[in-house]
Amino acid sequence: MEIINSKKAPAAIGPFNHAVKKNGMVFVSGTLGFHAETGVLAETFEEQAELVFQHLKNILAEAGLTFANAVKVQIFVKDMGKFPVLNEIYKKNFLEPYPAREVIEVRDLPKGGDVEISLIAIV
């Protein structure tokens, strides 16, 4: 098992790592829209989502991968009304064929975040 952390993504806010690589798979922890340099949460849903995708990209790069390696994406949002905005940002980051995914509305996310995304990638 290989532990993966990126200095270009916010520090974990609990006892976990950014990602774990095992048996040809990379499991990326849920990522929120904090500015990596300051630890401050971005103000809007769109800004948070853009940051989340940037952090995921940086974590995957640390593992030598890109979004093209992703096979499963889990997205948690506090407001399903933001689904169209999320889809536009998603399409800027993932190309066809898209990975499997789900979008789940939740009551709350850590530290007041509006969107959290995790993913699984294949090496």
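Trainee: Over how many bridges do strand 4 and strand 6 pair?
Mentor: This is a predicted model, in which local features need pLDDT of at least 70 and side-chain atom pairs count only at pLDDT 80 or more, whereas totals for chains, interfaces and linings use all residues. Residues are numbered from 1 along each chain as its sequence is written, and side-chain values use heavy atoms, with hydrogens and water left out. Helices (H or I, at least four residues) and strands (E, at least two) are DSSP runs numbered from the N terminus, and two strands pair if DSSP finds at least two bridges between them. Strand 4 (residues 70–77) and strand 6 (residues 115–122) run antiparallel, and their bridges number 7.

Trainee: Which residue of strand 6 stands opposite glutamine 74?
Mentor: Strand 4, residues 70–77, pairs with strand 6 in the antiparallel sense. In that pairing, the residue of strand 6 opposite glutamine 74 is serine 118.

Trainee: On the same side or on opposite sides of helix 2 do the buried residues lie?
Mentor: Leu86, Ile89 and Tyr90 of helix 2 are buried, where buried means under 20% relative accessible area, exposed over 50% and partly exposed in between (1.4 Å probe, protein chains only). These residues cover an arc, taken from the directions from the helix axis to the C-beta atoms, of only 105 degrees, which puts them on the same side.

Trainee: Which exposed residues does the face of helix 2 turned away from its buried side carry?
Mentor: The buried residues of helix 2 are covered by elements including helix 1, strand 4 and strand 5. The face turned away from that buried side carries the exposed residues Pro84 and Lys92.

Trainee: Are the rings of phenylalanine 53 and phenylalanine 94 stacked or edge-to-face?
Mentor: Rings of Phe, Tyr and Trp (its six-membered ring) pair if their centres lie within 6.5 Å; planes under 30 degrees apart count as stacked, over 60 as edge-to-face and the rest as tilted. By this rule there are 6 aromatic pairs. For phenylalanine 53 and phenylalanine 94, the centres are 6.1 Å apart and the planes stand at 75 degrees, so the pair is edge-to-face.

Trainee: Over the ring of which residue does the charged end of arginine 101 sit?
Mentor: A charge sits over a ring if NZ of Lys or CZ of Arg is within 6 Å of the ring centre and within 35 degrees of the ring normal. The charged end of arginine 101 is 4.5 Å from the centre of the ring of tyrosine 90.

Trainee: How far apart in space are proline 99 and valine 73, C-alpha to C-alpha?
Mentor: Proline 99 lies in the loop between helix 2 and strand 5 and, at 12% relative accessibility, counts as buried. Leaving aside neighbours within four places in sequence, its contacts (heavy atoms within 4.5 Å) are Ala70, Val71, Lys72, Val73, Tyr90 and Phe94. Proline 99 and valine 73 are 26 residues apart in sequence, while their C-alpha separation is 6.8 Å.

Trainee: Is the peptide bond from glutamate 96 to proline 97 cis or trans?
Mentor: Proline 97 lies in the loop between helix 2 and strand 5. With omega near -5 degrees, the bond from glutamate 96 to proline 97 is cis.

Trainee: Near what value is the phi of asparagine 23?
Mentor: Asparagine 23 lies in the loop between strand 2 and strand 3 and is exposed, with a relative accessible area of 72%. Its phi is positive although the residue is other than glycine, with a value near 50 degrees.
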